[in-house]
Amino acid sequence: SNLRCVNTLSGHHSGIRAIAWRTSFVYTGSYDNTIKVWNLDGGSCEATLEGHQAWVRSLFCHRTEPLLFSGSDDGEIKIWRTDNHSLHGGISANAGGILAITVDYDRNWLLAGCYDSSIHVWQLPTTTMMSG
């Protein structure tokens, strides 16, 4: 079957390496070291999230909490709020770049695949702490 292109979103200054989705927003991580927040309904760029010092390689939206995790070649995982697009916190992996991120919802763990061929695992705060 042929797929029909319904929109093209442009605004990054370099290639897009990662993409994540939540409700009516899509998040893109780029080689320009930024994350852009796109409104899928209108196609407009709602925000540009800055703070990484190197390429953004991975993105992951939490299923229930208003949180976006971003991983970069700078070895940092940044935690952003998806309700107001602000920086909520960060983690330094000390393992080179962060190539992949996911959450184990049963254990409330954040997992990251890193350049040094390891998987780093962190215990996330409780729900009430994360929304505060």
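Predicted model: local features only at pLDDT ≥ 70, side-chain atom pairs only at ≥ 80, totals over all residues.
I'll start with strand 7, residues 76-81. Of its 6 residues, 5 are buried. What does strand 7 pair with? On one side of the pairing list is strand 6, residues 67-72, which runs antiparallel to strand 7 and is joined to it by 5 bridges. Strand 8, residues 87-92, also pairs with strand 7 in the antiparallel sense, again over 5 bridges.

In soluble globular proteins, nonpolar side chains tend to be buried together. The largest nonpolar core here has 16 residues, and F69, I77, I98, I101, L110 and W122 have the most contacts inside it. Strands 6, 7, 9 and 10 each supply at least two residues of this core. Take I77 as an example: among the residues it touches are F69, G89, I98, L110 and W122. Another core, of 13 residues, lies apart from that one and includes I35, A47, V56 and L68.

W109, I119 and V121 form a surface patch with about 280 Å² of accessible area together. I119, which lies in strand 11, counts as exposed because its relative accessible area is 63%, and the cut-off for exposed is over 50%.

Last, charges. Side chains of opposite charge can pair when their charged atoms come close. How many salt bridges does the structure hold? There are 3.

One joins D73 and R57, with the closest N and O atoms 2.8 Å apart. This pair links distant parts of the chain: D73 is in the loop between strand 6 and strand 7, while R57 is in strand 5, 16 residues apart. D73 is partly exposed at 24%, whereas R57 is buried at 15%.

Another joins D83 and R81, at 2.7 Å between the closest N and O atoms. R81 is buried, with a relative accessible area of 11%.

The remaining pair is D104 with R107, at 2.5 Å from N to O. D104 counts as buried at 16%, and R107 as partly exposed at 47%.

That is the end of the talk.

Methods
Residues numbered from 1 in each chain as written. Heavy atoms only, no water. Buried < 20%, exposed > 50% of the residue type's maximum accessible area, 1.4 Å probe, protein only. Helix = DSSP H or I, 4+ residues; strand = E, 2+ residues; numbered from the N terminus. Pairing = 2+ DSSP bridges. Core = buried A, V, L, I, M, F, W, Y, C linked by side-chain atoms within 4.5 Å. Contact = heavy atoms within 4.5 Å. Patch = residues over 30% accessible without salt bridge, like charges linked within 9 Å, V, L, I, M, F, W, Y side chains within 5 Å. Areas by Shrake-Rupley, 256 points an atom, 1.4 Å probe, with all protein chains shown as cover. Salt bridge = Lys/Arg side-chain N within 4 Å of Asp/Glu carboxyl O. Lists of a residue's contacts leave out its neighbours within four places in sequence.
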